[in-house]
Amino acid sequence: MGIHVARFRMGGEVRWGWVRREQVIPIPGRYESLAEFLAEGAARARGMAAAGSEGEGLALAKLELLAPVTSPCNVVCQGQNYRSHMLEVGQDPDAKDFNQFFRKASSSLASSTEDIVKPGRVRMLDYEIELGLVIGRRISGPVRVERGGLHEFVAGIVMGNDISARDLQLAEGQWHKAKSFRTFCPVGPYVYLLDAEDCARLMDLRLQLSVNGEPRQDASTSEMLYPPEETLTELSEVMDLFPGDLVLTGTPGGVAAGRNLSKLARQVGRFISVFLSDKTLAKLILKQGNTAGYLKEGDVLRASISSPDGVIHLGTQENRIVTRALEAPVREARAKVG
């Protein structure tokens, strides 16, 4: 059985701790990044757990938990990897024949309780709960990853939220820009360090997200079209991955973009793979202009990921949306250039 660990601030210092029930047992040593923790601290944490170490526990509820994934790192994401999400945006999951990847800036990482800053010019701010894979060893060439051997490449799993400015994503076609504003990637509160026996559980985790108490997303990782072992095998052919890197594995149905497709768009969407391109669908969504369901200032997101047996529980995220006007400096800069 794996263990849960958290990164927290105590007395002005950043520490790591083993989460045991409602307490956190500090792990000896100072680790500036997740990569450093995985190199030394993870083994110490496992040793403490194996020995049943009591230690001096700290009340979990009183600690300031920080993002357990640290910058700089690679943040690689999968697009349209859940059947329900593809269906809600008018795509045919049975027709998909490639694994879609994109990136988020690591400066978008935020903690599980940090405010999410909505740029003033963004009208369609969306949410996407996702299971994250924390890379545990360097991958510098093609490898074959098997389900039962995931723990050899994945140190742990973490909850993430791929916050997205849909209007920028659809109008400009710039996924990286639309998904990389600061605070657009809340992670944590915990990293669950995997053991071999946990690999089978990864395709039976429940993802849940609500907005102001209203359930929006509720699905199982069993919906994935490309599971973690296939994804890492393919990524290894493309790029180097390093300890502490994060791979977000896609989101299920229930996002605001899917909820706000018009009735006509939904009907046409059943045949989207034959009649409409992604670009045409994007124009349809933007033309509709319905912002109901998208995130606005003051909204509170609450999310969790857990296994049915409760062995894996990645904690609870609770983030509030705040608005900040960011476009004025950009406009001033353009005026000076002109």
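**View 1. Asp162 and Lys104, a buried pair.** Asp162 is buried, and so is Lys104 (buried means under 20% relative accessible area, exposed over 50%, partly exposed in between, with a 1.4 Å probe and protein chains only). This is a predicted model in which local features need pLDDT of at least 70 and side-chain atom pairs count only at pLDDT 80 or more, while totals for chains, interfaces and linings use all residues. Residues are numbered from 1 along each chain as its sequence is written, and side-chain values use heavy atoms, leaving out hydrogens and water. The two residues form a salt bridge, with 2.6 Å between the closest N and O atoms (a side-chain nitrogen of Lys or Arg within 4 Å of a carboxyl oxygen of Asp or Glu). Asp162 sits in the loop between β12 (154-161) and β13 (164-165) and Lys104 in strand β7 (residues 100-104), so the pair ties together parts 58 residues apart in sequence (strands, E, at least two residues, and helices, H or I, at least four, are DSSP runs numbered from the N terminus).

**View 2. Asp240 meets Arg138.** Here the side chains join in a salt bridge at 3.6 Å, N to O. Asp240 is in the loop between α5 (228-236) and β17 (246-248) and Arg138 in the loop between β11 (129-135) and β12, so this contact links parts that are 102 residues apart in sequence. Asp240 is partly exposed, at 31% relative accessibility.

View 3. Glu172 is partly exposed at 36%, and Lys177 is partly exposed at 30%. Elsewhere, salt bridges with shared partners connect Lys104, Asp126, Glu128, Asp162, Arg166 and Lys179 into one network. The whole structure holds 18 salt bridges.
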